[in-house]
Amino acid sequence: MSDIQRRVEAVWRIEGARIVATLARMVKDLGQAEDLAQEAVADALSQWPESGVPRNAGAWLTTVAKRKAIDVWRRNGRLDAKYRELADEIAREQLDESGPFDDDMLRLVFTACHPVLGREAQVALTLRVVGGLSTEEISRMFLVEIPTIQQRIVRAKRTLAAAKVPFEVPEPEEWARRLDTVLSVIYLTFTEGYAATSGENLLRTDLANEALRLGRIVAGLVPREPEAHALVSLMEFQASRFATRISPDGTPTLLADQDRSRWDRGQITRGIIALARADAIGRGRGNYALQAAIARCHATALSVEDTDWEHIVALYEALAGLTGNPVVELNRAVAVSMAYGAIEALQIVDEIAASDALRGSHLLPSVRGELLTRLGRHPEARSELVTAADLTGNSRQRDILLAKAAALRDTNA
């Protein structure tokens, strides 16, 4: 990959969602907005090698894409009508000072989560246009083939266009119909930023911070929805450790090795307050609240040894019963290993493996390799770690797994 290609990719990672959101408000068609943005990216790849990367590359892409939209209107004989429409819209926005919905990114999320789409299509489309994730990254997240994800996204765009879905935040009475999906995609977007599924970097703080910002906005829109506050709490706790998750050479730093004095205490406090706000509503803890409670145990412990692992196991058991998610079961196994030992944890992991629920994921062999290492079963552990390295799409994570496997080989020698 050339230097210009890397620069363009970096700009798209950071600015892509906002560019698409701005264009979608302009052209009233999410699919067309992304097509225009991609055409602008193609222009950048052809022009920047000679002209150089603009100082404000995101603005350059947005301007080029807008010009392309105007060219389309001109070819279709609709330019004057579109100008009038844009002028009317600007006038309405200047007169309407009652609502908080001046955020194109939030409009983009709610549009992609419109009820005319099925849940899988909503999530895939939002991760693509809001999170800026590639179809390969999304397919890894859901353990689904790339062509399947591509088809979901294409069909979702066509469905939104056919239904003439407006690019707007819905009326308050419609929020509940979309809230679960909105929270899901915000969470998945944050997760990709917290632990990237592919690429050279483990963290994508720009993506995680955007998800946290959107989460705070949504929680403000629905103050009586506990899971909205709980999701914000979870993201605050997780983001508080960003400064210590990566070593200076770019390799991941395990929780046990992180300098807890560098954790962001302001974010931890905000996480505690948001979780308390969710609990105060009095509907019991849901998916995000249970995860936030687990994250709080880690965030407030003085050390790994000081962590209340038995309470974390109990929280994971409640979460597993609520979600039936095999990744939750895998995390429960890790907590069980800390609270009760590796033998009991390995039994849980082997049950997950027998169910075939995480086929194709690097997580299962990675955890199994760690447990086998602790039990002194080094040849088996090395095999699992090599398998995990082959399955992960993140080069940093792959290097760590292979280094662990190599260390076991040296130990055996």
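Lys 157 forms a salt bridge with Glu 34, the closest N and O atoms being 2.3 Å apart, where a salt bridge is a side-chain nitrogen of Lys or Arg within 4 Å of a carboxyl oxygen of Asp or Glu. This pair links distant parts of the chain, with Lys 157 in helix 8 (residues 146-162) and Glu 34 in helix 2 (residues 30-51), 123 residues apart; helices are DSSP runs of H or I with at least four residues, numbered from the N terminus. The model is predicted, so local features need pLDDT of at least 70 and side-chain atom pairs count only at pLDDT 80 or more, while totals for chains, interfaces and linings use all residues. Residues are numbered from 1 along each chain as its sequence is written, and side-chain values use heavy atoms, with hydrogens and water left out.

**Salt bridges**
- A search of the whole structure finds 17 salt bridges.
- Glu 236 and Arg 216 meet through their side chains at 2.8 Å, N to O, and they link helix 11 (residues 226-239) with helix 10 (residues 205-221), 20 residues apart.
- In the salt bridge of Lys 404 with Glu 370, the closest N and O atoms are 2.3 Å apart.

**Accessibility**
- Glu 34 is buried at a relative accessible area of 3%, and Lys 157 is also buried, at 18% (buried means under 20% relative accessible area, exposed over 50%, partly exposed in between, with a 1.4 Å probe and protein chains only).
- Glu 236 counts as buried at 2%, whereas Arg 216 is partly exposed at 38%.

**Cysteines**
- The structure holds zero disulfides, a disulfide being a pair of cysteine sulfur atoms within 2.5 Å.
- Cys 113 counts as buried at 1% relative accessibility.

Methods:
Helices (H or I, at least four residues) and strands (E, at least two) are DSSP runs, numbered from the N terminus.
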